[in-house]
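Dear colleague,

I am passing on the structure we spoke about, together with notes on what turned up in it. Please look through the model first and then read on.

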Amino acid sequence: MADDATGAGTDESRFVYVGKKTAKIFVAGHRGLVGSAIVRKLRESGFTNLLLRTHSELDLTNQSDVESFFATEKPAYVILAAAKVGGIHANNTYPAYFKDLTTDLSWECAINFVSAQQEQEH
Ligand SMILES: NC(=O)c1ccc[n+]([C@@H]2O[C@H](COP(=O)([O-])OP(=O)(O)OC[C@H]3O[C@@H](n4cnc5c(N)ncnc54)[C@H](OP(=O)(O)O)[C@@H]3O)[C@@H](O)[C@H]2O)c1
């Protein structure tokens with residue numbers, strides 16, 4: 001992978017847009033099924049500056065906590081894998097509940113991230 005000034009890589013890695021191995025990358029939901037696989041792949045690919053917080057360390061639905069986290073940590077990249085996922089049984093039992101909660105939580109986290117990013121730029 002190329003480590004050019006823009007941080008853009010050019011090889012066939014799935015992480016083609018993150019070239020700098022030292023870039024600070026926040027993986028939200030890193031203990032989950034998806035997040036843990038992403039962390040594993042990033043580490044295998046040589047990324048050394050991963051920023052990880054459990055749900056109890058940082059509730060991503062809390063806007064002011066997310067904003068101060070971003071202001072302090074200033075991650076260069078954010079990967080959002082946090083969600084409220086119920087599994088097969090829960091999804092079968094409460095399909096509408098989990099569908100909406102997953103979508104809403106992901107949106108809520110994303111909106112808080114964008115808001116925190118904008119706070120940093122002002
Ligand atoms: N699993 C799949 O096969 C699959 C496939 C395609 C897409 N997806 C999507 O990928 C996303 C993640 O799914 P998953 O299966 O990895 O879920 P998961 O295993 O249940 O993991 C969810 C993660 O989100 C974190 N989390 C939940 N609420 C949070 C909050 N308010 N603040 C901070 N962290 C919070 C949890 O943190 P803690 O561990 O600290 O509690 C956990 O690490 C979902 O949107 C899902 O729809 C999943």
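**What the model shows**

The secondary structure of the protein comes to 4 helices and 3 strands, where helices (H or I, at least four residues) and strands (E, at least two) are DSSP runs, numbered from the N terminus. Please bear in mind that this is a predicted model, in which local features need pLDDT of at least 70 and side-chain atom pairs count only at pLDDT 80 or more, while totals for chains, interfaces and linings use all residues. Residues are numbered from 1 along each chain as its sequence is written. Read along the sequence, the pattern is β-α-β-α-β-α-α.

**The sheet**

The 3 strands form an open sheet in the order β2-β1-β3, with parallel pairing; two strands are taken to pair if DSSP finds at least two bridges between them. Because β2 (50-51) and β3 (77-80) stand at the edges and each has a single partner strand, one side of each is left without a neighbour in the sheet. Strand β1 (residues 25-28) is joined to β2 by 2 bridges, and across this pairing I25 stands opposite L50, while F26 stands opposite L51. Helix α1 lies across β1, β2 and β3 and runs at about 155° to β1, the axes being lines fitted to C-alpha atoms, for helices over the stretch in contact, with angles that run from 0 to 180 degrees between N-to-C directions.

**The core**

A residue counts as buried if 20 or more other C-beta atoms lie within 10 Å of its own, as exposed if 12 or fewer do, and as partly exposed in between, with C-beta atoms placed from the backbone. Of the 122 residues of the protein, 20% count as buried. The largest nonpolar core has 18 residues, of which I25, V27, A28 and V66 touch the most other members; such a core is a set of buried Ala, Val, Leu, Ile, Met, Phe, Trp, Tyr and Cys residues joined through C-beta atoms within 7 Å. The elements that give two or more residues to this core are β1, α1, α2 (63-73) and α4, and β1 gives the most, with 4 residues.

Leaving aside neighbours within four places in sequence, V66 is in contact (C-beta atoms, placed from the backbone, within 7 Å) with L60, N112, F113 and A116. F113, which sits in helix α4, is buried because 21 other C-beta atoms lie within 10 Å, and, not counting residues up to four places away in sequence, F113 touches V66 and V78. F113 and L60 are 53 residues apart in sequence and 8.5 Å apart in space, C-alpha to C-alpha.

The ligand is surrounded by 19 residues, the closest being G29, G32, V34, H55 and A83; a residue belongs here if its C-beta atom, placed from the backbone, lies within 6 Å of the molecule. Both α1 (33-44) and α4 (95-121) supply at least two residues of this shell.

Finally, K74 lies in the loop between α2 and β3 and has a positive phi of about 45° although it is not a glycine. K74 is exposed, with 12 other C-beta atoms within 10 Å.

With best wishes

Note on methods: Contact = placed C-beta atoms within 7 Å.
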